[in-house]
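Trainee: I would like to learn how to read helix packing, interfaces and salt bridges. Can we work through a case together?

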Number of protein chains: 2
Amino acid sequence: MSDQAAPQYPTRQLCDFLARLTLDDVPAPVIERTKDLFLDWMASAIAGKDAPAVRRIQEFAAAMGPQDGDAEVFVDRRRTSPYFAALINGASSHVVEQDDVHNGSVLHPAAVVFPAVVAAAQAEGKTGAEVLLASIAGYEAGIRIGEFMGRSHYRVFHTTGTVGTLAAAAAVAKLFGLDAEGINQALGTAGTQAAGLWEFLRDAADSKQLHTAKAAADGLQSAWLARAGFTGARQILEGAQGMAAGMSSDANPAALTDGLGTRWATAETSFKFFASCRHTHPAADALKALMQRDGLRAGDIAAVTAHVHQGAIDVLGPVVDPRTIHQAKFSMGTVLGLVAWYAHAGLGEFEEHALRDAEVAAFREKVTMELDDEINAAYPRQWIGRVTVRTTDGRTLGARVDVPKGDPDNTLSRPELEAKAIQLAAFRHGATEAEMRTIIARVWQLEQAADVRDWLPFAR
Amino acid sequence: MSDQAAPQYPTRQLCDFLARLTLDDVPAPVIERTKDLFLDWMASAIAGKDAPAVRRIQEFAAAMGPQDGDAEVFVDRRRTSPYFAALINGASSHVVEQDDVHNGSVLHPAAVVFPAVVAAAQAEGKTGAEVLLASIAGYEAGIRIGEFMGRSHYRVFHTTGTVGTLAAAAAVAKLFGLDAEGINQALGTAGTQAAGLWEFLRDAADSKQLHTAKAAADGLQSAWLARAGFTGARQILEGAQGMAAGMSSDANPAALTDGLGTRWATAETSFKFFASCRHTHPAADALKALMQRDGLRAGDIAAVTAHVHQGAIDVLGPVVDPRTIHQAKFSMGTVLGLVAWYAHAGLGEFEEHALRDAEVAAFREKVTMELDDEINAAYPRQWIGRVTVRTTDGRTLGARVDVPKGDPDNTLSRPELEAKAIQLAAFRHGATEAEMRTIIARVWQLEQAADVRDWLPFAR
């Protein structure tokens with residue numbers, strides 16, 4: 001069936017756009033932002049070193065995969081086949097909860113798109129420009145598919161696992177230079193493998209790392225199979241027995257084609273500044289701003305009220321006495337305590353101080369959350385942060401931040417991204433500062449790399 | 001958490017049963033039937049040789065997996081790691097549509113359970129008795145989970161893909177000797193990967209082979225990870241964000257524990273007599289019976305109405321103009337046409353006549369399906385076949401078959417199973433009759449095999 005004769009269902013329109021897309025079509029700021037996202041991802045993937053869930057997946061790959069290959073594994077600097085490199089790098093990308101997020105789709109694109117693209121690109125000697133273009137294709141597709149699947153999907157399914165499989169497939173299919181029909185086949189094969197349920201949260205189980213691992217690896221597999229002629233359902237998203245029919249009750253087909261070529265969803269993606277649950281970030285920003293503006297120190301603060309949206313209360317409310325570092329990332333009192341005492345709540349602050357400091361524990365007792373109608377009405381379009389502070393000398397002070405740090409309108413600068421990347425790499429000694437400086441320099445020039453095969457500074 | 005302190009949710013009760021199960025608990029006829037199912041599966045897996053979808057998966061495994069290993073691939077007689085052996089043998093098991101089916105769960109257990117068990121058993125030098133016990137555990141678990149997920153699940157999801165992942169996981173977890181908690185973890189990891197949508201049927205796409213491939217391989221992976229300490233959601237089936245919450249509207253938790261230790265679901269499994277979708281078999285049996293009874297020939301038939309359950313309409317309804325032999329197996333008109341013209345719809349009839357004969361194509365136009373309330377109410381516990389035939393000379397004739405050929409009450413004898421196995425193996429020259437005679441003799445003695453590592457007669 002020729003492209004011309006193909007029926008124009010929404011998935012195919014998306015595939016047509018992806019097939020035609022060239023870097024010349026992409027505004028320069030979007031390309032620059034993609035490099036920002038790429039660096040932020042690499043650092044997250046390196047920071048996942050030694051996490052138990054990631055180690056188990058490395059052991060599985062060692063037992064089932066080849067002992068060498070063309071694709072690099074960031075956490076152990078070995079090489080293996082692209083499938084297993086995507087699997088392990090996908091697992092390690094998400095575990096420290098510092099990777100990017102797209103608000104509207106509630107998708108973490110970096111953790112699924114980049115592991116697949118880099119592994120496939122290394123195996124086939126692609127250029128940096130091809131890596132960037134493929135990654136943008138993955139972001140543009142994945143974000144729209146996430147929006148298409150809707151909020152009903154996210155209530156039960158971990159969108160980064162389900163939709164992430166298609167995002168990775170779209171990206172690698174573009175890397176392989178497939179036409180619209182080929183990309184469509186890749187999406188069909190990816191969609192029929194799309195999985196990931198939130199039930200694991202109840203047991204604090206390891207599934208979240210498997211979701212990103214499998215999304216990246218199965219997405220790569222789907223594109224590989226599509227190139228080889230293995231076929232999948234064309235209307236895998238909107239069809240009568242497709243993803244939306246099975247896993248959504250509020251799917252919106254118009255989202256699949258929303259602003260193709262004019263709206264760059266890639267650039268809407270947010271960076272995480274604090275190493276904690278995103279619902280804590282607006283209040284943390286507001287407290288930090290207030291303390292800087294009024295010259296307060298942690299000891300000056302008697303009480304903090306965080307004015308929040310309902311979702312923050314739902315997720316963070318139950319966490320009153322955190323017992324693990326991961327759980328502390330869902331404790332508003334801990335996050336504000338770290339910000340008050342250390343001016344930041346990054347990986348290092350959580351590791352060193354979240355559970356060990358008596359001051360931080362005491363600060364937790366000073367923090368309360370309060371539902372704010374205006375903030376709640378603006379969510380999730382806008383994540384407004386507002387705090388009221390009572391000082392030890394009896395003053396009442398307030399501060400508000402309309403756009404939390406890391407969102408596109410208050411994004412991280414390149415120096416901030418570089419500092420975050422170096423900190424992430426240092427977290428488990430995944431890479432030295434010198435290595436990260438090399439990586440950073442290469443990422444800022446990514447579109448000029450002639451071949452990414454041995455491009456990353458992790459020697460065999 | 002000790003087993004004693006564990007809350008007794010249905011999934012855990014199922015896991016407790018599986019952990020305690022020994023071959024001594026299993027009635028001898030059930031063990032014998034399991035060997036029947038094992039032979040029937042091996043022959044199906046061999047018959048998948050050279051199918052394009054299977055070849056693509058072999059090529060993927062060659063590109064991504066190791067070049068040697070402990071587990072055998074039936075279609076090319078190579079060895080690789082258990083993950084890839086399960087993947088390829090899972091793909092090839094289902095492609096000729098001759099593998100077994102459990103009516104009540106609409107699950108094809110063989111195609112997902114045996115590939116995973118055999119691959120893992122070969123890698124770890126397990127005995128034939130351990131293979132049998134693990135396989136029975138996989139059947140008992142998978143069938144109950146399929147029944148739990150209900151008819152609403154099957155309307156959109158290919159249960160053998162979704163539930164098959166858990167069936168394979170339960171089987172390999174049992175093979176590994178995991179306790180109830182370990183089996184529960186394996187199911188949690190399998191369930192959060194469970195996927196497979198029917199949408200592919202509309203395009204005659206290759207996804208069905210990927211579903212069984214992935215279910216077998218990911219089930220094996222889930223058990224492997226659980227043994228290594230990787231955790232999953234305990235209430236992956238019945239939990240608020242588990243499989244039923246996301247993918248069913250009529251889940252029945254009682255099904256998970258139905259008759260544990262007294263009802264042997266394994267022995268309820270049906271063999272396929274025709275080489276087509278099981279939903280076509282009852283009507284095919286009824287038409288065959290009618291033509292024999294009334295001495296009709298194909299040319300005497302002006303029209304056939306197949307009175308069917310809703311599931312048949314859901315699955316077969318979209319297939320009006322089959323373009324591939326595989327798709328023709330889902331065409332009621334084609335199957336009835338083959339039965340009318342050749343008195344059988346086996347592998348050979350599909351290969352030679354399904355798409356080539358003008359008579360069969362013309363017969364398709366004479367066949368319609370009609371929902372029958374009584375048949376629909378009895379389904380899926382009973383698959384009743386009923387047809388009404390209008391003859392060219394104006395008569396209206398009817399026939400009904402309450403138990404289609406291959407069901408436990410109308411099962412295949414061992415001579416019939418042996419003949420079917422030899423035919424399947426000969427289909428693409430996958431194994432010679434002499435090789436199959438060796439396999440058959442070994443299967444009938446499976447419980448006595450001391451080590452299945454080099455047990456299959458496919459020399460390296």
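Predicted model: local features only at pLDDT ≥ 70, side-chain atom pairs only at ≥ 80, totals over all residues.

Trainee: How are two packed helices described?

Mentor: Two numbers do it: the angle between the axes and the distance between them. Take helix H7 (residues 159-175) of chain B and H8(B). Their axes lie 9 Å apart, at an angle of about 155°. Angles over 145 degrees count as roughly antiparallel, so H7(B) and H8(B) are roughly antiparallel to each other. H7(B) passes H8(B) in a right-handed crossing.

Trainee: Which residues of H7(B) and H8(B) meet?

Mentor: From H7(B) come Thr165(B), Leu166(B), Ala169(B), Ala170(B) and Ala173(B). H8(B) answers with Ile183(B), Ala186(B), Leu187(B), Ala190(B) and Gly191(B). By class, this contact has eight nonpolar residues, two polar and no charged.

Trainee: And at what angle do the axes of H8(B) and H9(B) cross?

Mentor: Helix H8 (residues 180-191) of chain B and helix H9 (residues 207-228) of chain B cross at roughly 135°, and their axes come within 8 Å. That angle makes H8(B) oblique to H9(B). The crossing is right-handed. On the H8(B) side, the contact uses Gly182(B), Gln185(B), Ala186(B), Thr189(B) and Ala190(B). On the H9(B) side, Gln221(B), Ser222(B), Ala223(B), Leu225(B) and Ala226(B) take part. Five of the contact residues are nonpolar, five are polar and no charged residue is present.

Trainee: Now the interface. How many residues of chain A are in contact with chain B?

Mentor: Count residues, then look at area. 58 residues of chain A touch 59 residues of chain B. The two chains bury about 4700 Å² between them, with 63% of it on carbon and sulfur atoms. Next, ask who contributes. Met64(A), Phe230(A) and Gln241(A) supply 17% of the area chain A buries against chain B, more than any other three residues.

Trainee: How many salt bridges are there across the interface of chain A and chain B?

Mentor: The rule finds four there. Asp218(A) and Lys214(B) meet through their side chains in a salt bridge, 2.9 Å from N to O. Over all chains, the structure holds 77 salt bridges.

Trainee: What does the salt bridge of Glu97(A) and Lys208(A) tie together?

Mentor: Start with the distance: their side chains meet at 2.6 Å, N to O. Then place each partner. Glu97(A) lies in the loop between helix H4 (82-94) and helix H5 (110-124) of chain A, and Lys208(A) lies in helix H9 (residues 207-228) of chain A, so the pair ties together parts that are 111 residues apart in sequence.

Terms used. Residues numbered from 1 in each chain as written. Chains lettered and ligands numbered in written order. Heavy atoms only, no water. Axes fitted to C-alpha atoms, helices over the stretch in contact; angles between N-to-C directions. Helix = DSSP H or I, 4+ residues; strand = E, 2+ residues; numbered from the N terminus. Parallel < 35°, antiparallel > 145°, perpendicular 65-115°, else oblique. Left-handed = near helix turned anticlockwise from the far one by under 90°. Contact = heavy atoms within 4.5 Å. Nonpolar A, V, L, I, M, F, W, Y, C, P; charged D, E, K, R; others polar. Buried area = accessible area lost by both parts, 1.4 Å probe.
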